[in-house]
Amino acid sequence: MKQTPIKYGIITGAAIVLYLLLFYSADKSNLFNPLVFWASLLIPMVGMVIATRKVRESQGDEISKKEAIQASFLTWVLAMVIFHLFIFIMFNYVDNGLIDMQKEMLEKAADQKINREDLEMTLGSVFFRMAFMLIPGFLFSYMIASFLKNK
């Protein structure tokens, strides 16, 4: 059972990275488009459902709510680790100018001065963002488990 969520977590994380790279290659500013970001959250939700259904199939088409939460949440966690690792590498090593682009867009939207240091992708800030994303991940896991459980 444990291999299935790991497999789909890695696949889902890679799918998010490819999705974002597609938009990045079209126009760098797309990475900061809220629609692109929020749409990228659909990818792990699909991965969570598929992983949970695969686990259920491997167990004779039966799964408890606890098992379904575990399978879907592990998929989410792995996908978020890959996603945040990608963001860290992208902002720090691939294109450091993304921070300046984000700063300009935020200053324009908020009509106030923003410190560049506040936007830098440090290991601590990326880890905090990843940890924060565990909250909606658990909520999504609970919802998915509620629909897919049958035991």
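Modeller: A residue is called buried when its relative accessible area is under 20%, exposed when that value is over 50%, and partly exposed in between. E107 has a relative accessibility of 18%, so E107 falls in the buried class. The model is a predicted one, and every value here is computed from it.

E107 pairs with K113 through their side chains, in a salt bridge with an N to O distance of 3.9 Å. The cut-off for a salt bridge is 4 Å between a side-chain nitrogen of Lys or Arg and a carboxyl oxygen of Asp or Glu. K113 has 69% relative accessibility and is therefore exposed, whereas E107 is buried.

Another of these pairs is R56 with D61, whose side chains meet at 3.6 Å, N to O. R56, at 16% relative accessibility, is buried. D61 has a relative accessible area of 42%, which means that D61 is partly exposed.

R116 and D100 form a salt bridge in which the closest N and O atoms are 2.7 Å apart. This pair joins distant parts of the chain: D100 belongs to helix α5, R116 lies in the loop between α5 and α6, and 16 residues separate the two. R116 is partly exposed at 21% relative accessibility. D100 is partly exposed as well, with a value of 32%. The pair also belongs to a network of salt bridges that links D100, R116 and E120. Over the whole structure, the search finds 6 salt bridges.

Now the nonpolar packing. The largest nonpolar core has 30 residues, and the members that touch the most others are L20, W76, M80, F91 and L98. Two or more residues come from each of α1 (3–26), α4 (65–94), α5 (97–110), α6 (123–132) and α7 (134–148). The most come from α4, which gives 9 residues.

Leaving aside residues up to four places away in sequence, L98 touches Y24, K28, L31, F32, M90 and F91. In soluble globular proteins, nonpolar side chains tend to be buried together.

How values were computed:
Residues numbered from 1 in each chain as written. Predicted model: local features only at pLDDT ≥ 70, side-chain atom pairs only at ≥ 80, totals over all residues. Heavy atoms only, no water. Core = buried A, V, L, I, M, F, W, Y, C linked by side-chain atoms within 4.5 Å. Buried < 20%, exposed > 50% of the residue type's maximum accessible area, 1.4 Å probe, protein only. Helix = DSSP H or I, 4+ residues; strand = E, 2+ residues; numbered from the N terminus. Contact = heavy atoms within 4.5 Å.
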